[in-house]
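Thanks for coming. Please bring up the model on your screens, and I will go through it place by place.

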Amino acid sequence: MSDLKSAKSALISVFSKEGLEPVVKKLNELGITIYSTGGTEKFITNLGINVVPVEDITSHPSILGGRVKTLHPKVFGGILNRSENEQDKAELEQYEIPQIDIVIVDLYPFEKTVASNASEEEIIEKIDIGGISLIRAAAKNYKDVICVPSVDNYAEFLEIITEGKGQTSLNDRKRFAAKAFNVSSHYDTAIFNYLNNEEQSYKESFNGGLELRYGENPHQKGHFYGDFSAMFDKLHGKELSYNNLLDVDAAVNLMNEFQNEAPTFAILKHNNACGLAQRETLLQAYKDALAGDPVSAFGGILIANKEIDKATAEEIHELFCEVVIAPGYSEEALEVLKGKKNRVLLVQKETELPQKQVRTCLNGILVQDKDSKTDTTEDLTYATNNKPSQQELNDLLFASKICKHTKSNTIVLVKNNQLLASGTGQTSRVDALRQSIEKANSFEFDLNGAVLASDAFFPFPDCVEIADKAGITAVIQPGGSIKDQLSIDYCNDNNLAMVMTGTRHFKH
């Protein structure tokens, strides 16, 4: 038996009419009877095309302000009946139910309504009931019915019925059924997340996954699910890779700490800052960020909190880097930076960053609140007799921001609003400190008067002793060790200043 089905009737009930006209005209040209409701019915009538109101099938008008239009056995019987089931055929005839072969739906825009800051009443009214029911019914019965579940599918459906002259294949009907359940599950997830305040369930749904060249390594497949264009305008360069996206994410979250502050520039490699500085001009901020580790900067991700000008662009152009991110670029800067065809140039838009973090774990996922705590002066407890100077205090808070976005265990060294070095991802805090000191010395930084930030407490006084001997004069750490007093005593005996935040910033 052929899996081709010739359509004789279609039910159309849509929110978006964009792209619908050629579909309706083609259905009419093919002699397919069209049933419709409300605004869609008026739209089709205005095209001069015959349409049968759903009320003529149900013998009931649209009621409750349009909340109930298609919810009727004569509509759903026409969709859900099985063509090869004799009992179904008999009941269609007995109850005068018309066969419906095509269902075209576009749901009320629930997510857009939520995003528009509409009232709760308006949002609730945009929870589609009839449309979602039509989608599920038609998709369930894909052996006999083709379901077109969204405005995004109008064009492809038009191609199918044009080429098939009104016929659809089982493969096409099944493909569209999958699209339909994707639409319905995404829609229900959005509604659940809007309403949910207490259910311990995690649901997310993303449409339009982007296939990447590969994952973290060439033998791994990779996809990105999200709305990249909502966050960035891509002005130039090659397609972003899996690793690029991870670095871009790290860069954006780090620079978010310095929004609306003086010109700040950061360079990241493997999700960690290898250079960061804040200066009076963006050009100087870039130069001092690069000085933090010009070796690691090769092939890195660059991000600025101000528009990039020509002078800064000319300096950047001398460095091989994968991605540059900024809130804007002057025309002259763009001309310079576009000089390397593969360099990705992104304009970051003002968008709210997610407040949840998700990662796979074992046979499930871990979900946590984002670390949105930024240490401020008000959070500090002055643990030592020696108090930090105003410059040291500024540097301590500056270092704490960087530390929060660096892989644990980490130690960050800062002086005069410049990252001198960091020890990242070490199994020992002592190793992290020694790594940072060695790195700062290798680039000939003077550590005398520098400050140190630690993402977690010191269980022993060894770290402050090593820091003191390197010339570091002030320390910021969360505190909380049962042996905090040992580190405090060493600082008091050697004129170091130590402040405690009370907040740990592990980043695994």
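I begin with Asp144, in the loop between helix H8 (130-140) and strand E6 (146-148). Helices here are DSSP runs of H or I with at least four residues, strands are runs of E with at least two, and both are numbered from the N terminus. This is a predicted model, so local features need pLDDT of at least 70, side-chain atom pairs count only at pLDDT 80 or more, and totals for chains, interfaces and linings use all residues. Residues are numbered from 1 along each chain as its sequence is written, and side-chain values use heavy atoms, with hydrogens and water left out.

Is Asp144 buried or exposed? Asp144 is buried, because its relative accessible area is 9%. The cut-offs are under 20% for buried, over 50% for exposed, and partly exposed in between, with a 1.4 Å probe and protein chains only. Setting aside residues up to four places away in sequence, Asp144 touches Lys5, Asn81, Arg82, Ser83, Asp101 and Arg173. Contact means heavy atoms within 4.5 Å.

Next, a pair of helices. The axes of helix H9 (residues 154-164) and helix H10 (residues 170-195) come within 12 Å and cross at roughly 170°. H9 is therefore roughly antiparallel to H10. Axes are lines fitted to C-alpha atoms, for helices over the stretch in contact, and angles run from 0 to 180 degrees between N-to-C directions. Angles under 35 degrees count as roughly parallel, over 145 as roughly antiparallel, 65 to 115 as roughly perpendicular and the rest as oblique. Which residues meet between H9 and H10? From H9 there are Glu156, Phe157 and Ile160, and from H10 there are Asp172, Arg175, Phe176 and Lys179.

Now the charged pairs. How many salt bridges does the structure hold? There are 19 salt bridges, each one a side-chain nitrogen of Lys or Arg within 4 Å of a carboxyl oxygen of Asp or Glu.

Take Glu257 and Lys404, which form a salt bridge with the closest N and O atoms 2.6 Å apart. This pair links distant parts of the chain, 147 residues apart: Glu257 is in the loop between helix H12 (242-255) and strand E11 (264-269), and Lys404 is in helix H16 (residues 390-404). Glu257 counts as buried because its relative accessibility is 12%. Lys404 is buried too, with a relative accessible area of 7%.

Glu261 and Lys401 also meet in a salt bridge, at 2.6 Å from N to O. Here the partners are 140 residues apart, with Glu261 in the loop between H12 and E11 and Lys401 in helix H16. Glu261 is partly exposed at a relative accessible area of 25%, whereas Lys401 is buried at 14%.

Another salt bridge joins Arg279 to Asp288, with the closest N and O atoms 2.6 Å apart. Arg279 counts as buried at 18% relative accessibility, and Asp288 counts as buried at 15%. Elsewhere, salt bridges that share partners join Glu156, Asp172, Arg175 and Lys179 into one network.

On to the backbone. Most residues other than glycine have a negative phi, and most peptide bonds are trans. Which residues does a cis peptide bond join? The bond is between Ser408 and Asn409, with omega about -15°. Asn409 sits in the loop between H16 and strand E19 (411-414).

Asn260 has a positive phi of about 60° although it is not a glycine. Asn260 is found in the loop between H12 and E11, and counts as exposed because its relative accessibility is 75%. Glu444, also not a glycine, has a positive phi near 60°. Glu444 lies in the loop between helix H17 (429-442) and strand E21 (451-454), and is exposed with a relative accessible area of 74%.

Last, Thr501, in the segment after strand E23 (497-500). Thr501 is buried, with a relative accessible area of 9%. Leaving aside neighbours within four places in sequence, Thr501 is in contact with Asp375, Asp379, Leu380, Ile476, Gln477 and Pro478. The C-alpha atoms of Thr501 and Ser408 are separated by 17 Å, and these residues are 93 apart along the chain.
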